[in-house]
Amino acid sequence: MTLPRPNVAILGGGPGGYEAALVAAQLGAEVTVIDEDGLGGACVLTDCVPSKTLIESSSTMTSLSRAASLGLELASGANPELEVDAPALNARIKALAAAQSNDIAEHVSGEGVRIVQARGRLTGPHTIEAAGTTVEADIVLIATGASPRALADGVPDGERILTCRQMYDLAELPEELIVVGSGVTGAEFASAYQALGSQVTLVSSRERVLPHEDKDAAVVIEGVFRRRGMNVLSKSRAEAVHRKGDGVVVTLADGRPVPGSHCLLTVGMAPSTKGIGLIEAGVNLDSRGFIEVDRVSRTSAQGVYAAGDCTGVLMLASVAAMQGRIAMWHALGEAVQPIRLSHVASTIFTDPEIASVGVSQAAVDRGEVPARVVKLPLATNPRAKMGGFRDGFVKIFARPGTGMVLGGVVVAPRASELILPLSIAIEQNLSVDQIAHTFSVYPSLSGSVTEAARTVMEFGTDAII
Ligand SMILES: Cc1cc2nc3c(=O)[nH]c(=O)nc-3n(C[C@H](O)[C@H](O)[C@H](O)COP(=O)(O)OP(=O)(O)OC[C@H]3O[C@@H](n4cnc5c(N)ncnc54)[C@H](O)[C@@H]3O)c2cc1C
């Protein structure tokens, strides 16, 4: 006798939704994904993929601007300048995002998943309605993501006052871009547009940029921003933004006006959880509207799971995907480990990048985690000298006595690639001793990781460095 296949319905096709769909299909479930915008979700279509594609172009601009310091000269005439072709740049970004979304849709439907392209809402804990289609399911996963917030007195118009999702529709490079908010998204866009040639003003309500990140790393990045000519306004809260003539004016809380050609608002993300029948279906939301979940992605409603940005648990694509997979493993009876956020590696794609994993300097400073800390400047690395990179460092946190690696921060070009050895060390319980005995290529930036580990050993894991 064959048992009936369980039905799974997934609302939202971003990394939280489509990765869950793949797992559920592989485990033999009958799966439907309902998504209104396209598979890959905001991650692929408007947020992560487009912004990182933009940053590939801006990094190339930065590399080329260093050409003279590396002994290179463009052959054609005096002071040739590289210019941004904004329509071509944005067309490339949008085409790449659309192609990636199509690839994901093909892969997911190739695994036998039904895709319904429509807006959906719950009409009960196990029923979703979307454009006249009713999907009944034993297991429901909500993965509806989040959307950019605006200022109460500053409504995006898609022309001059913009959210991060509207930047790729601009026909020209903003001449004077005011970025409101100096968190991860604000810092990434400010870094990219300054490199592309915009005059950027970064409005930060806090004392320094990236207030929630490693302080040493944030200080390096702010120094680079200022050195490259960015106008960083710290302790300056933006109250309002309005259009004025051909441009915009941001008004700060102390009344100061900040004029510019365009304003990008990066003041946080709001969960997409309103008006989709969640409360009526028994799904609890917290005071900010995020869906409450446990570490295996269960909500308060039986058989209803949630994953990704709509839960407010670390807003990263990798975390959304893992929450979605864990939900399906749990719902379909597989052995499952609850999510471990302390092992999540993340990167801020400024130039240079900041990558981190494991315990933070702030937790060590607060005395929550006993750790030995070593910080090695990148400027001493031979490969960095060859490339003309002087900003950055490798920092390792190790447990006193045993020398187990507890965390790390890398500030460097492509730090997103350099953090992996420290992630592996944390996941596999390796010690600084084991990293120090590992061959790194000479010369390489990753040589700073092994050297930092050797430095911890040299001073002993009981010493304060
Ligand atoms: C500018 C920016 C850059 C980022 N860069 C990175 C990065 O470099 N690395 C990283 O890890 N993370 C990055 N993130 C975060 C990352 O994009 C999110 O964590 C990720 O998209 C979350 O995935 P998700 O599945 O929760 O939702 P999403 O990707 O937001 O997808 C949700 C999907 O659900 C659909 N949907 C919503 N409501 C409904 C409904 N009622 N009916 C049908 N469909 C619906 C939406 O249309 C969308 O397609 C970035 C975010 C931003 C804003």
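Where α3 meets α5, the residues Ser51, Lys52, Leu54, Ile55, Ser57, Ser58, Met61 and Thr62 of α3 are in contact (heavy atoms within 4.5 Å) with Glu188, Phe189, Ala192, Tyr193, Ala195 and Leu196 of α5. By class, this contact of α3 with α5 has eight nonpolar, four polar and two charged residues. This is a predicted model, in which local features need pLDDT of at least 70 and side-chain atom pairs count only at pLDDT 80 or more, while totals for chains, interfaces and linings use all residues. Residues are numbered from 1 along each chain, and side-chain values use heavy atoms, with hydrogens and water left out.

The axes of α3 and α5, which are lines fitted to C-alpha atoms over the stretch in contact, come within 8 Å and cross at roughly 40 degrees.

Helix α4, which covers residues 86–110, has 25 residues and reaches 36 Å from its first C-alpha to its last, close to the 36 Å expected at 1.5 Å a residue. Its buried residues (under 20% relative accessible area, with a 1.4 Å probe and protein chains only) are Ala86, Leu89, Asn90, Ile93, Ala97, Ser101, Ile104 and Val108. These buried residues of α4 pack against the elements in the table.

| Element | Residues |
|---|---|
| α1 | 15–26 |
| α2 | 41–45 |
| α3 | 48–65 |
| β3 | 114–117 |
| α5 | 184–196 |

After α4 comes Gly112, whose phi is positive, near 90 degrees.

Glu129 lies in strand β5, residues 127–130. Leaving aside neighbours within four places in sequence, Glu129 is in contact with Arg119, Gly120, Arg121, Thr123 and Thr134. The C-alpha atoms of Glu129 and Arg119, 10 residues apart along the chain, are separated by 8.4 Å.

Notes
Helices (H or I, at least four residues) and strands (E, at least two) are DSSP runs, numbered from the N terminus. The expected span of a helix is 1.5 Å times one less than its number of residues. Buried means under 20% relative accessible area, exposed over 50%, partly exposed in between (1.4 Å probe, protein chains only). Axes are lines fitted to C-alpha atoms, for helices over the stretch in contact, and angles run from 0 to 180 degrees between N-to-C directions. Ala, Val, Leu, Ile, Met, Phe, Trp, Tyr, Cys and Pro count as nonpolar, Asp, Glu, Lys and Arg as charged, and the others, Gly among them, as polar.
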